[in-house]
Structure formats: C-alpha cells, structure tokens
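Student: I would like to go through this model term by term, asking of each label what value stands behind it.

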Amino acid sequence: MPNITAITEFILMGFSDIHELQTLCGVFFLVMYMAALISNLIIITLITLDLHLQTPMYFFLKNLSLLDAFFVSVPIPKFCVSNLTHNSSISIHGCAFQVFLMTSFAAGEVFILTGMSYDRYVAICSPLHYQTIMSSRMCVLMTAVSWVTGVIIGAIYTAGTFSMPFCGSNVIPQIFCDVPSLLRISCSETLVVIYSSLGMGVCVGLFCFICVVISYFYIFSTVLKIPTTKGQSKAFATCIPHLTVFTVFLATACFVYVKLPSSVPSMTDRIFSVLYTVLPPILNPVIYSLRNTDVKCALRRWQQNLCPRGLLHVTF
C-alpha cells in the first residue's frame, strides 16, 4: 500500500530546465499564440459582420474559430508565463480547471468538425434540399449539442481523473495538465477510471470518425459522377481542407488522450501535445478561411470600410 501524501500543486516539466531556453520558448510560443488568436478573432469578426457570409458553412466556421481561440488560450498563456518567470508550478484546482476546459473544447471541436462534414454532405449530395435541411434552427441545434456535449465529456473526464488520490512525484512531464500524466501518478488501486476514460475517448472519437467517413464516402461518390473536371475540382476544394484538419486534429488528440499511460514519458509526448494544442488553431483559419475567396473579399470590404481613403492596404 503506497504512502499517500496530499499534493496541493503540480510541476509542469516543459521542454528545458535552462533559463535562457525557457525564455526563448516563452517568447516563441507567445508569438504563435498571438498569431492563432488574432487570426481566429478576425474570422469570427468577419463572419459576424459580413452579410455575404451568413451561410451554414460559415456559421460552423465561426464556432470552430471560437473553439480554437478558447482552446489555445487554456494552456499556452500559462506555458508562456511559466517559461518567462521560470515558475512552472500549477495548483491542483488550476490543473483540474485546465483539464476540464481543454477536454471540453477539444470534444466540442470534434463534434463541430463532424457537423461540418454533414454540412458538406448535404451541400454536395442534396443541393436542392440544402436550404431546407440546413436551416438556421438545425445549425443552431447542431452547434448547441456540440458545445453541451463537449462540456459534459469534459466534466466526466475531470471528475473521474481527480476523484483519485495522487501520490509520489508531482511532476507532470507535459506543457499542460493532461489526463495520461495524471493517471500515471495516481494512487488508485483500480483501473476502472483509467479504462472508463479510455473507453469514452475511443467511443467519441470512433463515432465522429465513422460519421465523417460515411459522409465523405457519399461525397466522393457524388463528386466522381460530375461530368466536368472543373466541377469536380470545385467540389473537392471545399472538402479536402476539412478532411485534412479533421485527420490531423483527431490523430494528435488520440496520441495525447486515447492511450494507456506509460511509465516512461518521452519528448515525443510533449511534441505531440504541442502539435495538438497549437497546430489546429493556427491551421484552421488558413486552410478554411484566409485562403477562401469569400472570406478574402469580406476582408477587403471590411478594410475599405475602416480605411475608405486607402490609408492602409493589405494584400492576401
């Protein structure tokens, strides 16, 4: 029976113990964080203000950008402050709050991405019924279910993880509090919580993955029947970016969350955690929106309204 010592705080390991490298990491991730936050806020503002972007696809994009902005704002500012101040401690309540928010936003994003695949399925496979099926009420309902389900999953994950006592080392070999690392230092003598969390993550990810695969099976079948190459290219152009981002996000999330806790943490775990945390919020605005003709036109109109005399010119 292990000795159980009350743990009031954890130590996030980060990438280096050298102060100069910590400062460099802090500045680098601060720049990446600001880039991700600003680009997503621009997308949210454009879609909210521009009347030409009031469609179901952009409604989902706005929610995706909102989730990305929230998601990247949970671990990265704390990580930057820890590196710049050389103090990597975090209270147990702060750790629990971080786990809850990150899991909630990550689950919500997976459901939003799944909803976007259904939106593309309806737009390509049933274009005549698109306005009827993807009505404003349906879009709001799908989005609300995604957010609420994400919060429920986050609450279950957090409650299950922090219901166990912690003993031994309080060092978490990650840049943020993640469930596998916390399970590694728990004193629980039963694996019920571990397998429950693992099973829940697998079920959620598998459900969304199957939905996306089914949607794209019908999408590709329909697109290949389009007689013109131009029509096929236009249809594929709206689907490939979504499929790419969904695959990257789900693969990195599975590596971080849906895996059995190992006794020897590695640098690879931390690298994948960074990719999972920072890469989707940076890539999503670029892939989905900033290289999108409608969004670029909306950005030019917004620029002209702000600077009617051409005092500022931005080229995309």
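Tutor: Let us begin with strand β1, which has a covered face formed by Phe10 and Leu12 and an uncovered one formed by Glu9 and Ile11. In a regular strand the side chains alternate between the two faces of the sheet. This is a predicted model, in which local features need pLDDT of at least 70 and side-chain atom pairs count only at pLDDT 80 or more, while totals for chains, interfaces and linings use all residues. Residues are numbered from 1 along each chain as its sequence is written, and side-chain values use heavy atoms, with hydrogens and water left out.

Student: What makes β1 a partner of β2, and which way do the two run?

Tutor: Two strands pair if DSSP finds at least two bridges between them; β1 and β2 are joined by 3 bridges and run antiparallel, with glutamate 9 standing opposite serine 91 of β2. The strands themselves are DSSP runs of E with at least two residues, whereas helices are runs of H or I with at least four, and both are numbered from the N terminus.

Student: How many bridges join β1 to β3, and how do those strands run?

Tutor: Strand β1 (residues 9–12) is joined to β3 by 2 bridges, and the two run parallel; isoleucine 11 stands opposite valine 171 in β3.

Student: Why are β2 and β3 said to stand at the edges?

Tutor: The 3 strands form an open sheet in the order β2-β1-β3, with mixed pairing. Each of β2 (89–91) and β3 (171–172) has a single partner strand, so one side of each is left without a neighbour in the sheet. Helix α4 (residues 92–125) lies across β1, β2 and β3, running at about 85° to β2.

Student: Why is α1 called roughly antiparallel to α2?

Tutor: Axes are lines fitted to C-alpha atoms, for helices over the stretch in contact, and angles run from 0 to 180 degrees between N-to-C directions. The axes of α1 (residues 19–49) and α2 (residues 56–73) come within 9 Å and cross at roughly 155°. Angles under 35 degrees count as roughly parallel, over 145 as roughly antiparallel, 65 to 115 as roughly perpendicular and the rest as oblique, and α1 is therefore roughly antiparallel to α2. By class, their contact has 10 nonpolar, 4 polar and 2 charged residues.

Student: How do you know what to call the arrangement of α1 and α3?

Tutor: The axes of α1 and α3 (residues 76–85) come within 7 Å and cross at roughly 155°, which makes α1 roughly antiparallel to α3. In this contact, meaning heavy atoms within 4.5 Å, Gln22, Thr23, Cys25, Gly26, Val27, Phe29, Leu30 and Tyr33 in α1 meet Ile76, Pro77, Phe79, Cys80, Asn83 and Leu84 in α3.

Student: What makes cysteine 177 buried or exposed?

Tutor: Buried means under 20% relative accessible area, exposed over 50%, and partly exposed in between, with a 1.4 Å probe and protein chains only. Cysteine 177 has a relative accessible area of 1% and is therefore buried. Cysteine 177 lies in the loop between β3 and α7 (179–184), and touches Leu12, Ile90, Cys95, Gln98, Val99 and Ile172, not counting residues up to four places away in sequence.

Student: And is aspartate 178 buried or exposed?

Tutor: Aspartate 178, which lies in the loop between β3 and α7, is buried, with a relative accessible area of 2%. The C-alpha atoms of aspartate 178 and serine 273 are separated by 9.0 Å, although these residues are 95 residues apart along the chain.

Technical notes: Nonpolar A, V, L, I, M, F, W, Y, C, P; charged D, E, K, R; others polar.
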